[in-house]
Amino acid sequence: MSDRTAGMNVPAARTRERTLSVTTLAGEFHAPSLTDFFPPAVLFEGTPFELDRLMLIRLLMTAVLVGFMLLAFRSPKLIPRGIQNVAETGLVFVKEQICDEILGKETGRKFFPLIATIFFTVLFLNFSGIVPGLNISSNARIGMPLVLAVVAYVAFNYVGIKKYGFRKYMRSSIVVPNVPPALHVLLIPIEFVSTFILRPFTLTVRLMANMLAGHIMLVLFFSATWFFLFDAAAWMKVFSPFSLLAGLGFTLFEILVIFLQAYVFSLLTAVYIGLAQHADDH
């Protein structure tokens, strides 16, 4: 389902609308704006299943992820090699550095499938932001980060409610022990907002904002290179190598951000699950 309406209201009738990318910026300046992240429908326009360019990229990268895992483990070997080695390295990293480290071996094993799914989903959807021809991460729009945050939200609340029951879990999560009763008037609303509102909100916005900002920066660097080379006055062409180098350097930085955001989202999901599991130790 399209997340066109999840982030902002976009006018239905637009005579000219293009996705922010290096190719569309070539030829004339097109100022970056949030409306560029809501391109025209490509398939099923006007239906709940409307697909635009970002949704198609999202589906493509999901298919790439599924294909990657199927290819890696189609005939697993005791001593992994090639693509199986790459996939196993990623899975071992999630298991040892996130699940076991944060939740312990027993609980970590239980939630490993969920956290590994979140990690690789964020990673692969982010990676399209540096793939030529795709040029954008679909996590730069709020829909998918929101879905992943809701999954994490349901997971950690389910753990707490299952262990303590609804009433005790809520009380343990928002009531700070050993403080003067008068302070509860202030602390209970703060704890409630922090635990049940800010956690999913920050998960969503952190991922979306980082990928949105990175995409805009890459577009500006590479479109500036094109402008200096082909559209600017002759004396301005000397600036093109500098903008190109800046774009290439920021691309390397964006690769780091791609991995970092997958790690942070998965890590915080594990942390929230651990906090819910030990809510009575608040």
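1. Val42 is partly exposed in this predicted model, with a relative accessible area of 48%. The residue is found in strand 1. Together with Leu43, Phe44, Phe49, Leu56 and Leu59, Val42 makes a nonpolar surface patch of about 570 Å². At least two residues of the nonpolar patch come from strand 1 (41–43), and at least two come from helix 3.

2. On the overall fold, the protein chain contains nine helices and two strands. Read from the N terminus, the order of its elements is α-α-β-β-α-α-α-α-α-α-α. The chain has 282 residues, of which 43% count as buried. Among contacts with a separation of 6 or more, 65% are between residues 24 or more positions apart. The accessible surface amounts to about 15,400 Å², and carbon and sulfur atoms account for 72% of that area.

3. On confidence, the mean pLDDT of the protein chain is 86, with 87% of the residues at 70 or more. Residues 5–27 have a pLDDT below 50, although the stretch has 44 contacts in the model beyond near neighbours in sequence. Where pLDDT is low, predicted coordinates should not be read in detail.

4. The largest nonpolar core has 57 residues, and Phe37, Ile115 and Phe265 touch the most other members. Helix 3 (53–72), helix 4, helix 5, helix 6, helix 7 (166–174), helix 8 (184–231) and helix 9 (240–277) each contribute at least two residues to this core. As background, nonpolar side chains in soluble globular proteins tend to be buried together.

5. Helix 7 may be examined next. Its buried residues include Tyr169, Met170, Ser172, Ser173 and Ile174. Among the elements that cover the buried residues of helix 7 are helix 6, helix 8 and helix 9.

6. The salt bridges in the model come to three. One of them pairs Asp52 with Arg141, the closest N and O atoms being 2.8 Å apart. This pair links distant parts of the chain, since Asp52 lies in strand 2 (residues 51–52) and Arg141 in the loop between helix 5 and helix 6, 89 residues apart. Asp52 counts as buried, at 0% relative accessibility, and Arg141 is likewise buried, at 2%.

7. Asp100, found in helix 4 (residues 83–103), takes part in two further pairings. The side chain of Asp100 meets that of Lys95 in a salt bridge at 2.9 Å, N to O, and that of Lys105 in a salt bridge at 3.8 Å. Salt bridges with shared partners join Lys95, Asp100 and Lys105 into one network. Beyond its neighbours within four places in sequence, Asp100 is in contact with Lys95, Lys105 and Gly108.

8. Finally, Ser138 lies in the loop between helix 5 (105–127) and helix 6 (143–164). Leaving aside neighbours within four places in sequence, Ser138 is in contact with Leu54, Arg58, Leu125 and Ser128.

Note on methods
Residues numbered from 1 in each chain as written. Predicted model: local features only at pLDDT ≥ 70, side-chain atom pairs only at ≥ 80, totals over all residues. Heavy atoms only, no water. Helix = DSSP H or I, 4+ residues; strand = E, 2+ residues; numbered from the N terminus. Contact = heavy atoms within 4.5 Å. Core = buried A, V, L, I, M, F, W, Y, C linked by side-chain atoms within 4.5 Å. Buried < 20%, exposed > 50% of the residue type's maximum accessible area, 1.4 Å probe, protein only. pLDDT = per-residue confidence, 0-100. Patch = residues over 30% accessible without salt bridge, like charges linked within 9 Å, V, L, I, M, F, W, Y side chains within 5 Å. Areas by Shrake-Rupley, 256 points an atom, 1.4 Å probe, with all protein chains shown as cover. Salt bridge = Lys/Arg side-chain N within 4 Å of Asp/Glu carboxyl O.
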